[in-house]
Amino acid sequence: MAFYVVQFLTGLASAASLFLVASGLSIIFGVTRIVNFAHGAFYMIGAYIAFTLTERFSGAFGFWGGVVMAALAVALIGVIVEMVLLRRIYHAPELFQLLGTFGLTLMVEDLVVLIWGPDDLVGRRAPGFKGAVDFFGQNIPSYDLFLIVLGPVVLGILWLLFQRTRWGVLVRAATQDRDMVAALGVNQKWLFTSVFAVGVFLAALGGALQIPRDAVHHAMDLRIIVEVFVVVVIGGLGSIVGAFVAAVLVSELNAFGILIFPKISIILVFLVMAVVLIVRPWGLFGKPEAAARKTPGLTVNPWRPLTSNERLAALAALIVAAMLPLFAGNYALTVGSEIAIFVIFAVSLHFLMSVGGLASFGHAAYFGLGAYGVAFLAKMAGLPMIVCLLLGPLLGCMGAAVFGFFAVQLSGVYFAMLTLAFAQIVWSIAFQWVSVTGGDNGILGIWPEKWAASPSHFYWLALGVTALVTIALRVAVFSPFGYALRATRDSVLRSEAVGINAKRIQWTAFVIAGTTAGIGGALFAYLKGSVFPDNLGISLSVDALVMVLLGGVETVSGGVVGAIVYKALNIWLVSQTDLSKLVLGGFIVLIVVVLPKGIVGMLEMLAQRRRKASPPGSSLLAKPIESAE
Amino acid sequence: MSVATPLLAVEGLTKSYGGIHAVRGVSFSLRAGEILALIGPNGAGKSTCFDMLNGQNRPDSGHVRLLGEATTGKKPREIWRLGVGRTFQITATFATMTVRENVQVALISHEKQLFSLWGSAPNFDRGEAGRLLELVGMGGYADRPCGELAYGDLKRLELAVALANEPKLLLMDEPTAGMAPRERVDLMRLTARIAREKSIGVLFTEHDMDVVFEHADRIIVLNRGTLIAEGSPAEVRGNPQVQAVYLGEGLVYDARHREGASS
């Protein structure tokens, strides 16, 4: 019995940090409508700076002062980020905001390693809370008890702040209707900046307070952000009480989940989240979101199938690509195969995002499931390659069917967060379930059979499949289903009013995209000869998003172009620098700010500008189309 | 006058939000080819009533029957499949698609081809889509992106979309709101003509009394959630209770109002 009580208290202590970070995210979202992906990064910087300060200044004053100073310092960084980056993208579609802040996260990951080194850092214990309390023979660290008290205290302070101060009233008003608050003469710029600073302060404080409990390392940002997304999805985005309750719930599920499913404890959290989403899609304490802003892809350039000339041009490009083995070496062919596979991956996400308006932040899950599908079939069942290639993607299909069912219940940022959380769950299973997946060591020795073994043969195989997949998806865009999917993207209200079951259409699209990604993953497993949890990791999901954005989310062929340019750049970059994340992150931020329409979108715009003397009437960012809902 | 089964039969429709009775025991019916206006001052319960007819809102009690079939509790898309077209107070269209594509989506849905992955949607029922657009006078706009249209044209496009499933009943929520006076007249004339030709029943809510009295065959008046009058335009115009509701706080109204509030 005592053991369970201690386990419960440990869960409560973990909830404190989670609550701090989640409430910060919620406050920022409430006012600015930005889901700050970089929140985990601020949490991590908070921990690192607190580590440095507490090492430098000893004693109780040094420790507690260091923790608070660290949080303040990070809040200051937050203010700079808000003024330099976020102010430029407040009116951009939410996808761009998520990506911009994600680019920031990538940059921070490399910067942190650059400054503090790649090793785990173990911080000091808190003065005054070094010991443990005996509870019927079980030890509870007294610092845990401090954290357990701290959570409700912070909740109370936040409540007072929002109910009793003028600033709090403004924040609550802006959460309800920020345009009205602006119309009443409130200086919105500084309101947003101050809110962002408070949110970042909370995140950094959460990170700083963790140092006596956990080692500080450079991957803690992604771990916390996924948990925080789960917390706000369960608790309801924008609700501080919801963040508190959900943080406690998730922490307790983690604490007890380890006892029930020691290997895959995260399953329990997933199940609870699934139930909450079915019963209350907007979270336990959230309010149903009134007509989410339309996500990507609003364009006034009507889509049309390729003309016969354009088809010939595409065919010519394919023939040129097929002639690569005549003059290129083995390394170039391997790179070519990889690029082809990433084209499959990118077009599958592009289909979901541009046609369906569903920005999945966890698309790598289905790519990786396809790869693992092949690995299981080839290594365990010993099936021939062609069978593996055909059946392997079915694992991606099944994953997409299960997760997609829940994901399409939501839209906009909730959809993005949920798909990310699902992908992270799949990643955790691949990582933790060592007996089946090999864990971190992956599954090795998946080599193609003789007929496809040489680099040129494999290249032709990959190129052929890529061409087929791209054509099939293009046909789907201009099929009745493609129209129905675009209809649900433009207006769910109108879709339902003409008899379209929007969720089922979107679910189908999700499964199509997941299966297609699985095809890419299946080829990838044979290309690399192995599969690893990284094949379904967040960074791969983000690669896909960047490829789509780079190509242009408002176009039909953006996925292909984006994948080729991005992957070629990426491979070259990794061979040139150790700080690839820093450069990549900077690149993403740059795209978001400078090139929101992507390469193909830019080209189309230039072509249009040349055709008409006058500039095109509307751009996505300058003048969002009024969607009637 | 009365037909065996009316196109639409509404009986004792009731809905409250918290302690407020938005709609109380409203009953009326609508025949094929008839144009029925639902009017009343702001807050009378028109929109609540409307939402219960098209499936966006579930009544606390009461029934809605369409051609004898109960539609209470059905989703909007299921009600559409029964043959109900609708237009919205604030237009809802597919903004990134062309005018023709907007109609084609409705035709694809009507012919149950929504999940068809093969076949060319740009050529799907092109002729029928063109005819519907001609019918509402939008034939020349077929290739225009919907997002570029003027508001009055969007309303006409909505009408074409609403007609795509050969509806028996059209539900139009403030069809002329936000339009110029000239456009209002044109749109309602068009609607009336189509309704008579195809024998479609039309139920519309409206604030513009000129539009109502010119085009409605029959008018029902809601006030504070209850039906206070029903009849031809001339009858409704002469009804003292309606005049009181619309023209101001006369003595008659005041007394009744107090009675109503205390009961």
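Two strands pair if DSSP finds at least two bridges between them; helices (H or I, at least four residues) and strands (E, at least two) are DSSP runs, numbered from the N terminus. The model on screen is predicted: local features need pLDDT of at least 70, side-chain atom pairs count only at pLDDT 80 or more, and totals for chains, interfaces and linings use all residues. Residues are numbered from 1 along each chain as its sequence is written, while chains are lettered from A and ligands numbered from 1 in the order in which they are written.

**Stop 1: a hairpin in chain B**

Select residues 61-66 and 69-70 of chain B. These are β4(B) and β5(B), which pair in the antiparallel sense over two bridges. B:Leu66 has B:Glu69 as its bridge partner in β5(B). Two residues lie between the strands of this hairpin, and B:Leu67 takes a positive phi near 50 degrees there.

Five bridges join β1(B) to β4(B), and the two run antiparallel.

**Stop 2: the six-stranded sheet of chain B**

Next, show the open sheet with the strand order β6-β7-β8-β3-β9-β10 in chain B, whose pairing is mixed. Which strands stand at the edges? They are β6 (84-87) and β10 (226-231); each has a single partner strand, so one side of each is left without a neighbour in the sheet. Neighbouring strands are turned by 15 degrees against each other on average, direction ignored.

Within the sheet, select β3 (residues 35-39) and β9 (residues 218-223) of chain B, which pair in the parallel sense over four bridges. B:Ala37 has B:Ile219 as its bridge partner in β9(B).

**Stop 3: where the chains meet**

Colour the two chains separately. 35 residues of chain B are in contact with 32 residues of chain A (C-beta atoms, placed from the backbone, within 7 Å). On chain B, α2 (76-81) and α3 (99-110) each supply at least two residues of the side that touches chain A. The largest share of that side, six residues, comes from α3(B).

**Stop 4: inside chain A**

Select A:Val231. Leaving aside neighbours within four places in sequence, A:Val231 is in contact with A:Leu18, A:Ala22, A:Ala243, A:Ala246, A:Ala247 and A:Val250.

**Stop 5**

Zoom out. Chain A has 28 helices and four strands, and its C-alpha atoms fill a box of roughly 75 × 60 × 50 Å, taken along the principal axes. In chain A, residues 24 or more positions apart account for 79% of the contacts with a separation of 6 or more.

Chain B comes to ten helices and ten strands. The C-alpha trace of chain B spans about 65 × 40 × 40 Å along its principal axes. In chain B, residues 24 or more positions apart account for 65% of the contacts with a separation of 6 or more.

Notes
Contact = placed C-beta atoms within 7 Å. Axes fitted to C-alpha atoms, helices over the stretch in contact; angles between N-to-C directions.
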